[in-house]
Amino acid sequence: MGEKADVWQGTLALMILKTIEAMGPLHGYGIARRIEQTSGNLLSLNYGTLYPALLKLEQEGSIASEWGVSENNRKAKFYKLTRAGRKQLAQETRNWEQTTEILARFLSPSEDPA
Amino acid sequence: MKPLRAWVFRLAALFTNKQRERQLSDELESHLQMHVDDNIRAGMTPAEARRHAILKLGGVEPTKEAYRDRSTLPFIEHLLQDARFAIRQLRKNTGFTCVAVLMLALGICASVSIFAFVDAALIKPLPYPNPTRLVSVFENSAAFPHANLSYPDYLDWKRLSKVFRSLDVYTGTGFLLSTPAGVEPVPATRVSDGFFRTLGVTPMLGRNFHAGEDLAGSPNTVILSYASWRKRFGGKKDVIGQTIRLSDVPYTIVGVLPRNFQFAPRGRAEFWITLRFTMPKEFRRSFHSLSGIARMKDGVSVQAASADVKTIAKQLEKQYPESNRGQGASVFPFADLVVGHIRPILLVLLGGAGLLLLIACMNVTSLLLVRSESRRREIAVRNALGASTGRLTSQFVTEALVLVTMGSALGVLSANWTVQLPTKLIPADMMAAMPFLLGLGLNARVLAFAGAISLFAAVLFSLTPTAHLAVSEMRDGLAEGSRGSAGNTWRRLGSKLVTAELAVAVVLLVGAGLLGKSLHLLLHVDLGFQPDHLATVAVAGPETRYGEPAQAVALGRRIVSRIETMPGVKSAAITSLLPVSYNGHTDWIRFVGRPYNGEHNEVNQRDVSSSYFTTLGAKLLRGRYFTDAEDASKPRVVVINQALARQYFPGENPIGKQFGDTALSPKSIKQIIGVVDDIKEGSLDSKIWPAAYYPFNQSPDPYFSVVVRTSQAPQSLLPALSAVIRQSHPDVGVFDETTVDNLIHDSQTAYLHRSSAWLVGGFAAVALLLSVIGLYGVVAYSVSQRTREIGVRMALGAERGAVYQLILKEAARLTAVGIVIGLVCAMAAGAFLNALLFGVRSWDIPTLAAVAALLGFFAILASFIPARRAASINPVDALRSE
């Protein structure tokens, strides 16, 4: 159980970072909606799980937050990437690409039996 | 790096709870608002939109919960919560808290202070490198288990022994120093050349003694103690090479000892010089004046060293039967010489303090039991509301920790103060012999000890309510007025605790009683003379002016006759050694006209003036005392004590008999002219040795003590006494003026007995108080639990007297059991105490009976209060109350 949650948390953090990078400073609700959209609604996300993840990223210094006003004139807390966050995103993206590539090689039928 | 940063933020977040909660609420509210807006735009009704948004969030409270867990460290937060709650609880019960904390602090203060002494005196008493390799080396004979070495024996041992890296000797001496304030006698020590190297001490300034510097003919050199250097030379570095006149003889200063240098056997010595023996007697094998100290080779045990020197002593005995017959040898750790006499006292005190701590802990435990009994409903409610047993337990643990932390903090702080007391209270002279006490303080070891006992208390105090929690059925607690099995369990446990407390109190009271009785007997021991109205002062005339026998005799006569003219003086006399000082300074005697096989008939030798016995108020049993006219021109005479008469002349009249030295040289033959009743020459608790009193005028010395019988309080005469001698003889040293009563009361034996009696007495008084309070608590609790029962009994016609009886009987039973167990334990523990007892046995019946009566009296007194309350219960109120 614990390990699974870690992996999930890890991917969630990556999705959050990528979303903020793509969209610029964004509030929690916006990030959740955007993740859902990007996943083509394949991912069913409990929006509430986002907040502890955001807190963790903030405690680790990858993102920073400040209060602002949303497009619909609602008061909201906006999250933006820090320099450390950008570095982390680049690093984790590379790691993730490498992992998926390796896994893809395992899972795809071997094309060239040497 | 990143996890660490996160951890720091979470730790910091512990202190910003409120603000964060508000921000989180705002953030979630804005999240929901935005979602609701979107949902309405998508065509939902406002109510549906909000419901959907909350559902999608996964609930507001669960989200907050998950967020909180992440935002701080839940474990620490719980702990803080518990601590806050515990402190609130303890503050609500100020009475309980104060009593518990004070009792705990008292127990911890007592045991930590005593442990600090044990640490200073027993664990690390010697400030030298590798102190466990240092041993004392002694000769021994039938009379002296620890006899001094003679110089030739020392040289032979040094040459022949294979177990010592080095063997050195020291002996006390003193000098007269001319100062602007007059002639001042100053203690000093003569040592062999390698003495400081054996100890592992290097002078702070200048040099150590060279090898061979202790032989006759070497130049006069002296090493100063640090204190002397500061006091007499203002701490100037250029003292090295300077000359100082000690008893009119010039010495060159070659070194200054370091500040932390201590040598307990010669604590006050200011000057350290080498032996450089020249007098013929100093080269005799029968002249024992040196104390040996050696550093054993690595890997050699004390036993092996002892065996080695014993072999050498045997060899010397064969070689020199005349002087060395019966002269054995012994080796034991040097630390024994320094702290051997206080070790049994400290262990007894540590035991006493430990028992006190035990009683304090038991008392707090029973308080906690009463409290957890009265908190059953609270705990049951918290349990019913979902607090897990684990969480409740952690609550108890936290409460115990808070309690113990307060108690130990207070205890350690007060111990820090109490350990400073002895350095202020102990007289300087005695302190000089116990320099290890200067290191007294709360060092790491003492604090570790305090930590260990606090931990023990914390475990005990958290286990007690936890166990109680386990015993009591939690659901029972909710039932109104229920007093099921748990109440009884507690009452049984409480009674057992109180019995144990009473037993411990009995042990301490018996200990205190025995020590007190010992002290009383010690101070009232038969001395063989009247110690009251006796003043004394020591006189030292320089050898250069009073070295000749005739000069010393004249000095003595002049001083005595001058003092006898003083108003308030009845008589004055001279002795070479004051009574109640020590057994020793002995002579070997051989009786004329009896067979002799070279055995050592060892007797105390005292050289006293003609008026000595009458001045002391001693009792003449036979014959006569000598006269002032009996000097070197008259036949030699001696007065012996009864012990000598009894040992060597059983059933005979010793008057007229003669004895001399072991060779019966004609000059040494003396005739016995009188027998005096035994005078206590040694310390208060010592045995009477055979003693021979020679006329001072036939064996004079310019160093002697004057005893003065006064008609007024002797204390008031002391200043005039010294002044008169100084005035008439400005060239002699005058010192150690005191009264004989003070001498006895401040003697080390009396001092040690007195301090242990008072300390154990103090412990016992506190133990008595605590155990009686404990008994009161148990009986009062039992009365409060039995209110209804008593009400029923009274409603059915029980007399008030019967109610008294009911309660007092219970208390009496507990007390009786406690006293009996205590008496048995006290007798068992008595063996431990025997080393400190004087004149009483550990099973002294009057003491045991007195303790039982005392405790019984206080116990009945304590239980009378709740019994009275029980008897005054109004049956109607009692039946209505529950």
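## Strand S20 of chain B and its partners

In this predicted model, strand S17 (residues 637–641) of chain B and S20(B) run antiparallel and are joined by two bridges. Within that pairing, Ile640(B) has Ala692(B) of S20(B) as its bridge partner. S20(B) is also joined to strand S15 (residues 601–608) of chain B, in this case by five bridges and in the parallel sense. Opposite Pro695(B) in S20(B) stands Val608(B).

Strand S20 spans residues 691–695 of chain B, and five of its five residues are buried, so the strand is largely enclosed by the rest of the structure. The cover extends to both faces of S20(B). Ala691(B), Tyr693(B) and Pro695(B) lie on one side, Ala692(B) and Tyr694(B) on the other, and all are buried.

## Strand S1 of chain B

Strand S1 (residues 134–140) of chain B is likewise mostly covered, with seven of its seven residues buried. Leu134(B), Ser136(B), Phe138(B) and Asn140(B) point one way from S1(B), while Val135(B), Val137(B) and Glu139(B) point the other way. Residues on both sides of S1(B) are buried, including Glu139(B) and Asn140(B).

## Overall form of chain B

Chain B contains 30 helices and 22 strands. The radius of gyration of chain B is 38 Å, well over the 29 Å that the globule rule gives for 882 residues, so the chain is more spread out than a compact globule. Taken along the principal axes, the box filled by its C-alpha atoms is roughly 135 × 80 × 55 Å.

Of the 882 residues of chain B, 52% count as buried. Among the contacts in chain B with a separation of 6 or more, 81% involve residues 24 or more positions apart. The accessible surface of the chain comes to about 39500 Å², and carbon and sulfur atoms account for 61% of this area. Chain B carries 92 positive and 68 negative side chains; the centres of these two sets are 3 Å apart.

Glu399(B) belongs to helix H15 (residues 389–418) of chain B. With a relative accessible area of 7%, Glu399(B) falls under the 20% cut-off and is therefore buried. Apart from neighbours within four places in sequence, its contacts are Ala86(B), Gln89(B), Leu90(B), Arg371(B) and Arg375(B).

Leu215(B) sits in the loop between strand S5 (205–206) and strand S6 (221–224) of chain B. Its relative accessible area is 44%, and Leu215(B) is partly exposed. When neighbours within four places in sequence are left aside, Leu215(B) is in contact with Tyr151(B) and Arg276(B). A separation of 29 Å lies between the C-alpha atoms of Leu215(B) and Ala552(B), which are 337 residues apart along the chain.

## Helix H2 of chain A

In chain A, helix H2 covers residues 28–38, and its buried residues are Gly28(A), Tyr29(A), Gly30(A), Ile31(A), Ala32(A), Ile35(A) and Glu36(A). After H2(A) comes Gly40(A), which has a positive phi near 65°.

Technical notes. Residues numbered from 1 in each chain as written. Chains lettered and ligands numbered in written order. Predicted model: local features only at pLDDT ≥ 70, side-chain atom pairs only at ≥ 80, totals over all residues. Heavy atoms only, no water. Buried < 20%, exposed > 50% of the residue type's maximum accessible area, 1.4 Å probe, protein only. Helix = DSSP H or I, 4+ residues; strand = E, 2+ residues; numbered from the N terminus. Rg over C-alpha atoms; globule rule 2.2 N^0.38 Å. Contact = heavy atoms within 4.5 Å. Areas by Shrake-Rupley, 256 points an atom, 1.4 Å probe, with all protein chains shown as cover. Lys, Arg positive; Asp, Glu negative; His and termini not counted. Charge placed at Lys NZ, Arg CZ, Asp CG, Glu CD. Pairing = 2+ DSSP bridges.
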